Amino acid sequence: MPSISIKAFAGLKPISDPLLLSQSEAQAANNVKLVSGAISALLGTTTLKALTKTAPASIWRYGTDASESNYWLEFTSDTDVVASPIAADTYQRAYWSDGSQVKMGVNSTIVSGSTYPGAGYILGIPAPAATPAISGTAATAASKSVTLTAVYTYVSAYGEEGPPSTAAATVTLDPASNITVGSMSTAPVGNYNIATKRIYLSSTVGNQAQFQFWKEIPVATTSTSGSYDQTALGEILPSTLWVAPPAALQGLKLMGNQAMIGFKDNTAYLSEPNLPHAWPHQYPIDYKIVGIGVFGQSAVLLTNGFPYLLYGADPQAMSTQKMAFPWACLSKRSIVDTGDGVIYASSEGLVMISSGGMD
């Protein structure tokens, strides 16, 4: 039998007459890869994991061990899932949004039960409802005095801290005596897995008051006492603006600056970098957002009108650019992130948006 030698496969020409094809061209090519110029067979198909839900709308591979194929998260509605951006995350967290509630799960809850994800917590930590009260020994003319106020925050079992309570009414006390902070709330209603409270004190009262860490207590504790030493106070309260994402957030993605992004109606929301529970940044645009694509430190906000480019290294100082043509996105599910741009389906056909513009 004579041998056939094809040194480089040039591709398919299905409309050409077979007699007009060169040796490196074909009318049909079945079960082969056609991307490198070589003719390489496709691997056979196999079942990685049988699904457990009837007609899931979204699935996502959750890799937590060497096999990885053991866990596929299944959702009955259109759901976006993002792996934890936290380096070496010991909890192996994953985050998902389905347009009704944004959730976070850890390994022990995600893979519990027979259907994954087994359970999840509401993403974000609420502010305490009750205003604290601060008390102690009143300062006298013969003693030194300090004017104090206090706030407290909720902290989850995974170290996620929320925004502070309203500040306590200021009091002037003798700093040599113990002080008491009381009238604090216990855990809020909702599946947040709150474990502790952090109390912050300020002896600089006014518009520029800075609260510094004093102590951490169990969430069920409503009052605590201790000594006051201004020089021994810890870090400045970091979470003043750390609000939870809106419940109806959609399109969850991770940007190159390690901030998460999602949308609701005509507004894009961004988290703090590496802090997926804190979402203080909002960028409204003129059109209702259909979906989001990301590449590098840029996000493409695809709308029912003009698309927008949202870009920058700092989620607090992003820039928005309205693109040149009103090529609306027809479907959120048509959006594909290519690494250096975003492709989506419009009424004008497939559109690609990158740092170079629209094509």
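A charge is taken to sit over a ring if NZ of Lys or CZ of Arg is within 6 Å of the ring centre and within 35 degrees of the ring normal. The charged end of Lys215 meets this rule over the ring of Trp214, at 4.8 Å from its centre, and Lys322 lies over the face of Phe306, 4.4 Å from the ring centre. The model is predicted, with local features needing pLDDT of at least 70 and side-chain atom pairs counting only at pLDDT 80 or more. Residues are numbered from 1 along each chain as its sequence is written, and side-chain values use heavy atoms, leaving out hydrogens and water.

Next come the aromatic rings. Rings of Phe, Tyr and Trp (its six-membered ring) pair if their centres lie within 6.5 Å; planes under 30 degrees apart count as stacked, over 60 as edge-to-face and the rest as tilted. The count comes to 10 aromatic pairs. Tyr121 and Tyr158 form a tilted pair, because their centres are 6.0 Å apart and their planes are at 50°. This pair links distant parts of the chain, 37 residues apart. Tyr152 and Tyr154 pair edge-to-face, 6.4 Å centre to centre with 85° between the planes, and both are buried. Ring pairs also link Trp60, Tyr62, Tyr71 and Tyr116 into a cluster.

The peptide bond from Tyr116 to Pro117 is cis, with omega near 0°. Ala88, although not a glycine, has a positive phi of about 50°, and Ala88 counts as exposed at 73% relative accessibility.

Methods:
Buried < 20%, exposed > 50% of the residue type's maximum accessible area, 1.4 Å probe, protein only. Helix = DSSP H or I, 4+ residues; strand = E, 2+ residues; numbered from the N terminus.
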